[in-house]
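Welcome! Take a moment to turn the model around on your screen, and then let us walk through it together.

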Amino acid sequence: MQSGIIAELEAIAGARNVLSRAEDLVLYEYDGSVEKARPEAVVFPSTTTDVVKIVKLAIKHDVPIVGRGAGTGLSGGALARGGGIMIAFGRMNKILELDFANRRAVVQPGVVNFDLTRAVEHAGLYFAPDPSSQKSCTIGGNVSENSGGPHTLAYGVTSSHVTGLELVLPNGEVKRIGGKLADPMGYDLCGLLVGSEGTLALVTEIVAKLSKKPEAIKTLLAIFETVDDATETVTELTARAITPAACEMLDGWTLCAIEDYVHAGFPRDCGAVLLIEIEGITEAVAGQAQAIDEVCRLHHAREIRTAKDDKERELLWKGRKTAFGALGRLAPSNYVLDAVIPRSKLPQALRQVVKLGKECGLQVGNIFHAGDGNLHPLVLFDPRKPEEFREAVRVSEEIVRYCVSIGGALTGEHGVGMEKAELMTLMFSEADFALMRRVHAQFNPTGLLNPGKVFPMGKGCGETRVRTSPMAHPLQTGVPA
Amino acid sequence: MAAEVSVLAKLEGSVGSANVRTEPKELLRFAIDGVTPKFEVRPETAEKAAEVVRTAVHEKFAVVACGARTALAIGTPPASYDVALDMTRITGISSYDPGDLTISVNAGMPLADLARELAEKKQFLPLEVPFFEKATVGGAIAAGLDSPLRQFYGTPRDFLIGAEFVDGTGAQAKSGGRVVKNVTGYDFHKLLNGSLGTLGVITRLNFRTYPIASARRGFLASFADEVGALKFVKHIGASALTPIVLEMASPESAGLLFSQYAPFASLCAAQDKREWTVCVGFEGSGEVCERYAKELARMAKQAGAQNAVAMHDDQFAALLEILREAPVTMRDAAAEAVVMRFTALPSQLADLLRAVRSFARSSWMTAPVLARSECVIYMALLPRAGDETAFKQLDYFWKSVGSLRGKLEFKGTVVFCPAKWKAMLDGWEHANVELEMERRVKRAFDPNGVFARGRFVGGM
């Protein structure tokens with residue numbers, strides 16, 4: 001990148017808030033996905049004004065920009081696919097206001113998800129979206145990707161928990177949409193912007209809803225000899241309209257890896273477990289627990305354990321939330337998939353995932369949000385062996401295609417990003433893309449903001465207005481070096 | 001004339017001659033605020049609806065999509081209006097798998113029919129909106145009125161999971177899908193809610209459905225003033241209870257809404273006309289409901305309730321219906337009624353209530369108020385028949401509301417208003433939207449300006 005641009009960035013944000021050396025930038029070419037793309041500069045703004053200045057600088061020099069939170073995303077959404085400037089929000093991490101009376105928090109995008117919950121839990125409140133990475137991911141990232149988590153089953157993804165945003169548009173204008181009030185009176189712009197994956201505007205402030213902690217929580221661990229029994233249980237729970245707050249499935253192989261890693265107390269000799277959480281007032285929780293127990297036993301649960309106290313409950317969740325880390329110890333790299341299927345088709349979908357995994361010869365683990373049909377097969381591979389990587393990508397794509405073919409969706413919570421841009425054609429028609437492009441063009445007409453995401457590029461860059469940095473490397477592919 | 005004949009032939013070619021009407025008498029049924037279309041067109045499929053929109057784009061016609069036409073009075077009068085696109089033939093359930101708790105419904109399906117189909121599988125959609133017995137699903141989403149069940153189940157943003165629609169180029173587009181968790185692509189379906197048909201013609205909607213609880217009951221408590229009623233509402237909010245309905249009716253509103261219904265007679269009889277009524281709904285097992293009834297009774301007493309009644313399932317169903325239809329009941333309470341909707345912060349609800357009620361008092365009009373879920377206020381101004389100063393008072397009221405800006409955080413729009421006043425009163429004045437951003441959305445969806453011209457905020 002031209003040294004002039006770097007100097008201007010330093011003048012805006014301060015020299016210590018700009019990275020431009022190759023050895024620094026290499027840390028920002030990754031996120032949690034298997035994609036890679038290196039920015040030419042990383043800048044850490046402190047204020048919305050800084051962001052506006054950076055955007056105007058990017059316009060002046062015709063350089064792409066991309067926003068980034070903690071870089072924990074799993075679809076390449078926060079990677080600099082077009083090179084250019086990465087705006088890392090890590091230092092815009094202040095909780096600006098806690099409004100307990102109205103159950104709202106006003107936060108900067110770099111606030112870590114769990115830090116918000118920690119800041120309000122003394123008042124019996126919490127921020128509901130709870131991705132596995134909640135101790136490191138940022139709320140700005142959650143807003144961009146419309147993140148979920150285990151408790152999405154009951155409480156919805158991020159868009160159900162955001163009522164207002166401050167935005168910096170790709171032309172440098174600052175806009176506020178929504179606010180603390182519950183309803184928009186015009187179009188639901190927050191509904192559009194949350195989950196737009198940083199392709200329409202940069203988010204510089206968020207008004208988040210705070211939820212009331214339930215009176216009672218019960219966490220059950222149902223242990224099954226086979227994956228089939230576990231998935232049939234989930235299907236039956238849904239069919240009986242039993243609605244736990246979370247319903248997670250972990251297969252036997254994954255459980256062993258977790259036990260080796262965090263000793264969460266999972267069995268090492270079963271086919272699968274369901275980690276089920278029920279919340280509400282005491283009487284409702286007791287009733288639901290009984291109904292769930294009945295369904296689990298009907299489907300041959302070997303044992304149903306109830307977490308005795310908060311400590312045991314937290315340990316079980318720690319096991320669940322560190323599962324990807326645990327599997328990371330078993331192979332140099334892994335590919336976490338995110339796809340959704342109708343819940344009634346869970347048993348057949350899992351059988352298909354297992355079959356495809358066996359056929360490809362790579363180890364595939366399954367840890368996922370069973371209650372809402374959100375699968376996360378995890379494929380282990382060694383990136384030093386290109387054929388393994390290609391096979392991992394191929395089998396992953398095949399699984400996603402299968403999920404869509406049975407009425408599912410490409411992504412339940414990770415976003416499309418770079419990872420699934422080309423697969424968007426599985427779900428959307430030319431007419432759908434035409435409308436998406438018109439909306440994109442209204443907000444991001446020059447395509448400088450987060451190029452190469454969401455839209456398939458196979459049809460020619462002109463159509464999606466993907467641009468590369470004039471001074472930088474061309475668009476990078478997802479193949480690791 | 002010749003040009004219109006050829007357009008007629010084109011429209012008839014799309015939907016069949018029996019489904020295009022031009023007789024003025026028939027078209028009157030589709031009039032909006034006195035503006036009558038030139039054609040009524042009734043497509044049988046989404047494809048045909050798209051074809052009609054393409055014809056309209058070509059002819060530079062203005063199209064208003066209609067369902068049961070119950071909510072057409074909401075919004076500003078159309079700037080022009082050529083085609084009434086009657087969507088009622090595109091009806092029925094497209095797919096329903098009760099085991100998935102999801103349903104895909106064609107836009108012209110009546111809400112009441114949908115509710116019956118769902119009830120057979122012991123499920124429901126928490127879209128209990130006004131005109132429920134007649135309204136179509138597509139119309140209900142386009143109109144964007146809320147449901148008393150929002151207290152627990154939220155708004156369509158929380159349970160509308162996908163949509164198919166015809167955009168302003170006449171193309172059939174979609175967003176979302178039919179699974180409960182899905183973040184693929186832009187969430188266009190969220191924009192359709194409350195868009196008054198200005199972004200597209202909704203042809204199909206996908207929802208997540210919910211199980212009907214084994215019991216659903218209610219609790220009414222009356223208070224000498226709004227202070228007590230608000231205290232009770234706050235107590236509930238601070239407790240562990242999560243009711244499904246939480247509404248507060250002013251004395252005028254309680255009289256209007258509840259006095260006609262026998263089961264509430266005892267409560268209303270005991271009421272002098274100055275009492276506020278808090279309505280609470282809850283659901284769950286018998287045990288859960290017992291706990292609610294007990295705690296609510298205790299909290300009501302603490303807050304100084306004059307009277308309290310626990311309601312069984314049937315009574316609560318009747319109460320829910322009354323609350324659901326409240327904006328319509330308010331509208332029908334006077335020939336020239338004006339119904340407004342405000343959104344407020346829970347912490348400022350009391351201040352906003354006090355302010356708008358005091359403005360209404362100085363206008364001499366009866367002004368029933370219903371506060372919903374601590375965040376929405378429905379208020380009506382009911383002029384006496386033949387009161388020639390009514391508009392002046394309305395205008396004064398609406399200007400006074402403007403004086404609250406900067407003091408309170410709120411938004412307000414006019415929901416129902418006699419057509420003759422709409423040109424003189426800007427019902428969107430206090431909607432407080434980021435208009436420039438809204439226009440970007442409108443331009444993308446409807447680049448030719450074919451849909452519901454001038455019906456929405458900012459003349460969109």
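Which strands of chain A does helix α1 of chain A lie across? Helix α1 (residues 3–13) lies across β1 and β2 of chain A, and runs at about 10° to β2(A). Please keep in mind as you look that this is a predicted model.

**The open sheet in chain A**

Those strands belong to an open sheet of four strands, with the order β1-β2-β4-β3 in chain A and mixed pairing. The edges are taken by β1 (18–19) and β3 (65–68) of chain A; each has a single partner strand, so one side of each is left without a neighbour in the sheet. In general, the strands of a sheet pair through backbone hydrogen bonds, either parallel or antiparallel. For a parallel example, look at β2 (residues 41–43) and β4 (residues 85–88) of chain A, which pair over three bridges. Here A:V43 has A:I87 in β4(A) as its bridge partner. A further helix, α3 (residues 48–61) of chain A, lies across β2, β3 and β4 of chain A and runs at about 170° to β4(A).

**The open sheet in chain B**

Now move to chain B, where an open sheet of four strands has the order β1-β2-β4-β3, again with mixed pairing. At its edges stand β1 (20–21) and β3 (63–66) of chain B, each with a single partner strand, so one side of each has no neighbour in the sheet. Strand β1(B) pairs with β2 (residues 39–41) of chain B in the antiparallel sense, over two bridges. If you want to find this pairing, B:V20 has B:V41 in β2(B) as its bridge partner. Helix α3 (residues 46–59) of chain B packs on the sheet, where it touches β2, β3 and β4 (83–86) of chain B, and its direction makes about 170° with that of β4(B).

**Chain B as a whole**

Stepping back, chain B has 18 helices and 19 strands. Its radius of gyration is 23 Å, close to the 23 Å that the globule rule gives for 460 residues, so chain B is as compact as a globular protein of that length. The C-alpha atoms of chain B fill a box of roughly 70 × 55 × 40 Å along the principal axes. Of its 460 residues, 59% count as buried.

**A helix with buried residues**

Back in chain A, which residues of helix α9 (residues 252–262) are buried? They are A:G252, A:T254, A:L255, A:A257 and A:I258. The buried residues of α9(A) pack against β13 (246–251), β14 (272–280), α11 (310–321), α12 (323–328) and β18 (364–368) of chain A. After α9(A) comes A:H263, with a positive phi near 50°.

**Domains of chain A**

The domain assignment divides chain A as follows.

| Domain of chain A | Residues |
|---|---|
| Domain 1 | residues 3–90 |
| Domain 2 | residues 93–212 |
| Domain 3 | residues 215–313 |
| Domain 4 | residues 331–427 |
| Domain 5 | residues 428–464 |

The C-alpha centres of domain 4 and domain 5 of chain A lie 25 Å apart. Their contact takes eight residues from domain 4 of chain A and eight residues from domain 5 of chain A.

**Where the chains meet**

How many residues of chain A are in contact with chain B? There are 66 residues of chain A in contact with 60 residues of chain B. On the side of chain A that touches chain B, the largest share, nine residues, comes from α15(A). The residues of that side of chain A divide into 28 nonpolar, 25 polar and 13 charged.

Conventions:
Residues are numbered from 1 along each chain as its sequence is written. Chains are lettered from A and ligands numbered from 1 in the order in which they are written. This is a predicted model: local features need pLDDT of at least 70, side-chain atom pairs count only at pLDDT 80 or more; totals for chains, interfaces and linings use all residues. The radius of gyration is taken over C-alpha atoms; the globule rule is 2.2 Å times the number of residues to the power 0.38. A residue is buried if 20 or more other C-beta atoms lie within 10 Å of its own, exposed if 12 or fewer, and partly exposed in between; C-beta atoms are placed from the backbone. Two residues are in contact if their C-beta atoms, placed from the backbone, lie within 7 Å. Domain bounds come from an automatic or database domain assignment. Two strands pair if DSSP finds at least two bridges between them. Axes are lines fitted to C-alpha atoms, for helices over the stretch in contact, and angles run from 0 to 180 degrees between N-to-C directions. Ala, Val, Leu, Ile, Met, Phe, Trp, Tyr, Cys and Pro count as nonpolar, Asp, Glu, Lys and Arg as charged, and the others, Gly among them, as polar.
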